[in-house]
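Please look over the sequence and the model shown here before reading on.

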Amino acid sequence: MKRVGVWVDGAVQAVGFRWWAQNGARQLGLTGSAVNHYDGRVELHLQGPDAAVDEMVRRLTDPSEAMRRPGYVESSRVEREPVVAGEAGFRVG
């Protein structure tokens with residue numbers, strides 16, 4: 001079990017990126033959240049089995065996934081975070 005924070009920059013707002021991420025996270029059994037920042041970035045927090053978290057990070061950041069996700073990811077940053085006990089669901093804010 002692990003948790004990461006992912007900050008994605010590019011054309012990722014007003015294109016369905018957060019809802020796409022929520023759908024993918026739910027399919028992989030992850031909990032967490034996705035929110036827009038005023039500077040145009042989307043901040044995500046993903047928690048669950050290691051392989052599922054790694055797969056979602058790949059979907060969010062890998063250039064080979066560009067045709068499968070909405071918007072355009074210019075850059076990203078991923079950081080390990082402490083696991084949040086009892087977290088349920090994935091919310092979009």
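A residue is called buried when its relative accessible area is under 20%, exposed when it is over 50%, and partly exposed in between, as judged with a 1.4 Å probe and protein chains only. Helices (H or I, at least four residues) and strands (E, at least two) are DSSP runs, numbered from the N terminus. The model is predicted: local features need pLDDT of at least 70, side-chain atom pairs count only at pLDDT 80 or more, and totals for chains, interfaces and linings use all residues. Residues are numbered from 1 along each chain as its sequence is written, and side-chain values use heavy atoms, with hydrogens and water left out.

**Overall architecture**

- The protein has two helices and five strands, which follow one another from the N terminus in the order β-α-β-β-α-β-β.
- The radius of gyration, taken over C-alpha atoms, is 12 Å, which agrees with the value near 12 Å for a compact globule of 93 residues; the globule rule is 2.2 Å times the number of residues to the power 0.38.
- The C-alpha trace spans about 30 × 25 × 20 Å along its principal axes.
- Of the 93 residues, 43% are buried.
- Contact means heavy atoms within 4.5 Å. Among contacts between residues at least 6 apart in sequence, 77% join residues at least 24 apart.

**Surface and charge**

**Helix α1 and its surroundings**

- Helix α1 covers residues 17-27, and its buried residues are Phe-17, Arg-18, Trp-20, Ala-21, Gln-22, Gly-24 and Ala-25.
- These buried residues pack against β1, β2 (31-36), β3 (42-48), α2, β4 (72-81) and β5 (90-92).
- Ala-14, in the loop between β1 and α1, has a positive phi of about 65° although it is not a glycine. Ala-14 is exposed, with a relative accessible area of 86%.

**Arg-3 in strand β1**

- Arg-3 belongs to strand β1, residues 2-11, and counts as buried because its relative accessible area is 9%.
- A polar contact is a pair of N or O atoms within 3.5 Å; within protein, one must be able to donate a hydrogen and the other to accept it, and residues adjacent in sequence count only if both atoms are side-chain atoms.
- The Arg-3 side chain makes such contacts with the side chains of Gln-47, at 3.1 Å, and Glu-87, at 2.8 Å.
- Beyond its neighbours within four places in sequence, Arg-3 is in contact with residues including His-45, Leu-46, Arg-80 and Val-83.

**Asp-50 in helix α2**

- Asp-50 lies in helix α2, residues 50-61, and is partly exposed at 37% relative accessibility.
- The side chain of Asp-50 reaches the backbone nitrogen of Lys-2 at 3.5 Å.
- Leaving aside neighbours within four places in sequence, Asp-50 is in contact with Met-1 and Lys-2.
- Asp-50 and Ser-76 are 26 residues apart in sequence and 19 Å apart in space, C-alpha to C-alpha.
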